[in-house]
Amino acid sequence: MLRRTVTTGLAAAALAAPLVLGALPAAAQQTTLRVFIGGQQRPDVMRPLMDLFQQQNPGVRVEIEVGGATSEAQQQYLTTVLTSRDPAIDVMLIDVVRPAQFAAAGWAEPLDAYLGGTDRATVLRRYLPGYAEAVVVDNKLMSLPAFADAMFLYYRTDLLQKYGLQPPRTWEETVSHARRIMAGENNPNLQGLNFQGAPIEGTNCTFLIPFWQLGGNLVGANNRVTVNNDAGRGAFQFWLDAMRTHRVSPANSAEVRTDDTRLQFQNGNVAFAVLWAYGWNLFQSEQSQVRGKVGVVPLPTFQGRQSATCIGGWQWAVSAFSRNKPDAAKLVQFLASGVASKHLAINASNLPVLPDLYRDPDVLRTNPWFEAALPVVITARSRPVSPRYPEVSEIIRTNVNGVIAGTKTPQAALTEMESRLQRVLR
Amino acid sequence: MSAAPAAVATHGEAEIKINRLWLFAAGAAVVVNGMFPALWVLLTSLKTEGELTRVPISYLPQDPTFQNYLTAFAAQPLARFFFNSVVVAGLSTVLTLLVSAFAAYAIARLRIRWKNVILSAIVAVSMFPLISLMVPLFQTMRALGLLNTYLALILPYVVLNLPVCILILVSFFSAIPRDLENAAMIDGCTRLGALFRVVLPLTAPGVFTAGIISFVNAWDEFLLALSFTSSMQMRTLPVGITLYQGEFAFPWPIISAALIVAIVPIAVVIVIFQERVVSGLTAGGVKG
Amino acid sequence: MSSKSPRRSIGDLSEGTLGLLMLLPAILLLCLIVVYPVGRLMYISLFDWRMSLPNAVPAFVGLEHYIYALTDDPKFWDAVYNTVLITIITVPGALVVGLGLALVANLPFKHRWPTRLALLLPWALPLVFAGLIFRWFFNYDYGLVNDILQRLGFGKVLWGTDPNLAFFTICLVIIWKSSSFMAMILLAGLQTIPRNLYEAAKVDGATSWQCFWKITLPMLIPSMVVALVFRTITAIQTFDIPYAMTGGGPGGTTETLAMYIHKTTIDFLDFGYGSALAMLMFLVSLGATTIYLRIIQGDKE
Amino acid sequence: MGSVSIRKVVKSYGAVPVIHGVDLEIREGEFVVFVGPSGCGKSTLLRMIAGLETITGGEIAIDGKVVNDLPPRARDIAMVFQDYALYPHLSVRENMGFGLKLRGTPAPEIEARVGDAARILKIDHLLDRKPRQLSGGQRQRVAMGRAIVRKPKVFLFDEPLSNLDALLRSEVRTEIKKLHQHLKSTIIFVTHDQVEAMTLADRIVVLKGGHIDQVGPPDTIYNAPATQFVAGFTGSPPMNFLPAELTDTHIRFENGQSLAIPDQRRPRGLPSGSRVVFGIRPEHVSRADGAAQLDMPVTLLEPLGSDTLAFLSVGEREIVGRFVPELAPRPGETARISIDMRKYHLFDQDHGRAVGSLDG
């Protein structure tokens, strides 16, 4: 009940805010906070949150700056701004893989001093463990979680039903289901299992997920990189088998980018797809060929192995060059609050960073599958934490892409990855 | 001096016997080669996203819709992007022409030392990849307080286009007989007056060519526009258009609609001035 | 007529002074936008300045970055190899295609604007989007190219998976895009060839083919050189099209030097090394242009 | 108004001097022609008067006012260029009125003056054409018209006839002369053609290598050339030169032949034995009987219609004589030729200066 009031109040505030602002003469000593978000992060959905904050904090105005549409484009823009120590931006929404880099570069203001006496552990306890972990770098709170993301296995409920299959729990099952469906459908355009192998950030997860599930651990004891092992070979072999032996994955997997998977699945050409959370809303849209025929489960694992998935998501950070750090820190805390998280979950289908919202009826009404997502995001693993993560990522994705394309043998790729990663991560 | 010899040359070619069919086929090949991507974008802008990923793909939109255009204008301030692009490309073109006309005139006409060195330096400087200059450039712009202003884009675009424009104008200016300026100076012009009253009107085709090259280059530039502007109100078309895509999703039909909005003015300019674009290059004979 | 002795004005300055004044805006702008930033870049390239290192204090390393790039960095040489290959394939490619386009566009059509528009449109299409559009064309499932191949009874081709094919498609697109500008300049050159040369040749009994080799081509050389200089400089800086089409894949086989610089600077935040790479690239362009300028000057003498 | 004073004017490009201290006074209303071979500095001098070239040393004054530092537009001069330099983008009318318009002359007055000038030059039917629609002769007239309408103190002509064919050239030449008589304005005219110089000039200035060799009215230049260069530059065909040695009574040539010097034409101030260059114009080489006769082999005849030129050998050298056709020698024969020793010239062998101050 209370929660619903909050949402309604938010909407009302959103409507009222421009009127109120318009009626007031420019207040003396007004602080303007500039918040940087990506084009994909729904400025339209963010705006009401900012309006609400303005209402609660008279004297503070929040402006939204929208940057490039991809994580890379935003990084490019932020790099130029922050390298130049430009104070133009106060608050920024950054990718989950970036905090270590921002901390090392001295771009993000540690937030510990702005928590208003609350101790960091208490603040972080509210959040999903993976995300609470990701925001602390070198024992400093670099940012606060905004929303979560993770990779899931999407499947076609109609096809599974047709062949009397259950949603798979293991990769072995997934592959055999896929083969069965492909054989049964006899449709040359139908793909059994679609995943991403193009040289993009998501391709790191394509490798890391089976690698982790097979017991791999990128950085072992004594900071030694351990990738050239059975787990590494097994991870590559799995995808190569899926493509070449079982022929359930498309031959052009090395070209598949994230949204290609989404489009293929949305058009009914895929039985199983490994994809981030954003697919759901689109699969249920009017344009979708698979509307109402989509199921989501946690990613399968290998027979007898632990499940694991990659986490994605975004975080709010305060720029080290902001001239309004206290206000900015206040805004960040507001944006990382339950109110904001719920608003984003309902209006943008962003996975909440607070576990109890996964059971919230308002949230579940628009996103019924969130309930099933909770275990996934709780167990999700983060990609290696390093201030040189971009280099780590580049090494992994280039090699994975090479193996999937067939230009490199798994062994050659693993050897190169191990030696180059060792140099970066030492 | 004028476009007249160009036309003569073209008709001269006509005397070489050409089979009408071959003529048509060759023209069609050129048209298809140049237009099909733009045409495809146009067709795509009339399709729904669902139709876009149908297998086998459809060529003509089965159910043409203008919805993508409406969405393009509603989802982002496309009109504002358009306005910004016009302002930035327009002003930078004017400024480029002014600066390069001065420089080219000095190089082509005046007795100054190190003329060739200066010209080579200007060309050499243009070879520096702007991509790698982004960070220091950004710092410069910030120090000048120009970030997020039109000037932050206009100045680099002027520099970007200077070498080509100077080279074109130098070749045009050199083709103008010196005595024309002398006559003007005796008739009562200052040297600058002679440049504006006699030399520039006479080299109009060259000026026009330089102008359209710098306009198109400025209209299309992406990286600097992304980095040196931050507010939505200052975005140019190429940057604005990328804002339609999400982190993962790439809404081709809407982007296509926005692209058509960006391409059409350029195409119109080319069609209207096509005679001049090419004959402009002709008259001065870009001969280095 | 009595002269009312006109005011002395800036236009009456001595040629040298006036010349310098007229060059000043260009020189100032170049200094502001290029020379100063390049100077900074050169300075930075002598330091180990990595934003990714905690509390990075740039340490002076001298020419270490340059030495590392030239002797020890396989990625640098891969990128150089790809860039050089792209340059030596696409520059002559664009020249040939551009010449063809220009020759056709120079034919006596009744309406000239369709060919002229078609000639110029690829040039006017923003690079970023040209790359994206062609990525779409070469898409395995929904691409126009594979669709046509299938309709013709061939199988679908893995354009983006096979390194050679990926490289080929990138070159194809670059040639498509850049032949436009090339054709524009060559068309202009074609129109400056005096008509009486052809008439004289025909009187001498030359065939059209001989006319092309003996008159058209030699007369076009000056235009070609100009086109080649600009095309080569931009080819060495190739970035947008492979970035949009393959992102450097598969397995890094289509990564160009500009992409590597961009990656090193913007993604890896290794400003010192990135600056050194940018300087090296500048030197390569400078070398190429010097050679061309030599050719032009040699031509004049 | 309209006098031009050139005092010790020097011009050099960097370290290379091209005009070496020229002095010249041009009177108001005078028609002065600068003549000389290409590279002699005549155009440079003209352009310095116009203000198109800077003056390295000395000064130039127009109407007593030093103009060294005045830009061309402030010197109140008009110039007609070799290539006419008509503004291709303007009509004939606009071309002619351009200077007046720049000076802020009211439109009706411009119209009237352009009309007058056009009538004088008979180009009033061409006023609305563009220069590219005109013939060479018409363009030339427009260029003159553009100068006339300005009513300047001084007209400068820079080889204005060299792009016209021979027939047109002589026609325009006559018109320029008429124009000068009509306008009575100062004209400085540059040409490399001695015929133009002779026919047009009140005074001819012969330039060579950046120096003035001689200034004077055409008949002085022709009849009393100050240097061998001036002598060789005027007349068609030009004066014949033969190296010779002076004796008390004769001039002896290299092949031993000699001519007796008439008493009244004995050179002064030259000792016997001086080495000189003997000069005689072709029209003074004839078959008339006279004291001074030589036997010369005839190598070639060039009939011109009214006259016939004969090429005659003097040892290794050759001279040209102008004969009435009926009296011309035949090629191959050795003819007895008279030299009119009242009209000979002597020049210094080393410097080419006229020597011997002959009485005339």
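Arg47(D) and Asp179(B) meet through their side chains in a salt bridge, 2.9 Å from N to O. A salt bridge here is a side-chain nitrogen of Lys or Arg within 4 Å of a carboxyl oxygen of Asp or Glu. This pair crosses between chains: Arg47(D) sits in helix H1 (residues 42–50) of chain D, and Asp179(B) in helix H9 (residues 178–187) of chain B. Helices (H or I, at least four residues) and strands (E, at least two) are DSSP runs, numbered from the N terminus. Both residues, Arg47(D) and Asp179(B), are buried. Buried means under 20% relative accessible area, exposed over 50%, and partly exposed in between (1.4 Å probe, protein chains only).

The model is predicted: local features need pLDDT of at least 70, side-chain atom pairs count only at pLDDT 80 or more, and totals for chains, interfaces and linings use all residues. Residues are numbered from 1 along each chain as its sequence is written, chains are lettered from A and ligands numbered from 1 in the order in which they are written, and side-chain values use heavy atoms, without hydrogens and water.

Now turn to chain A. Glu394(A) forms a salt bridge with Arg420(A), with the closest N and O atoms 3.3 Å apart. Glu394(A) lies in helix H17 (residues 389–405) and Arg420(A) in helix H18 (residues 410–425), so the pair ties together parts 26 residues apart in sequence. Both Glu394(A) and Arg420(A) are buried.

Next, the backbone. Glu159(D) is not a glycine, yet has a positive phi of about 40 degrees. The peptide bond from Ser236(D) to Pro237(D) is cis, with omega near -5 degrees.
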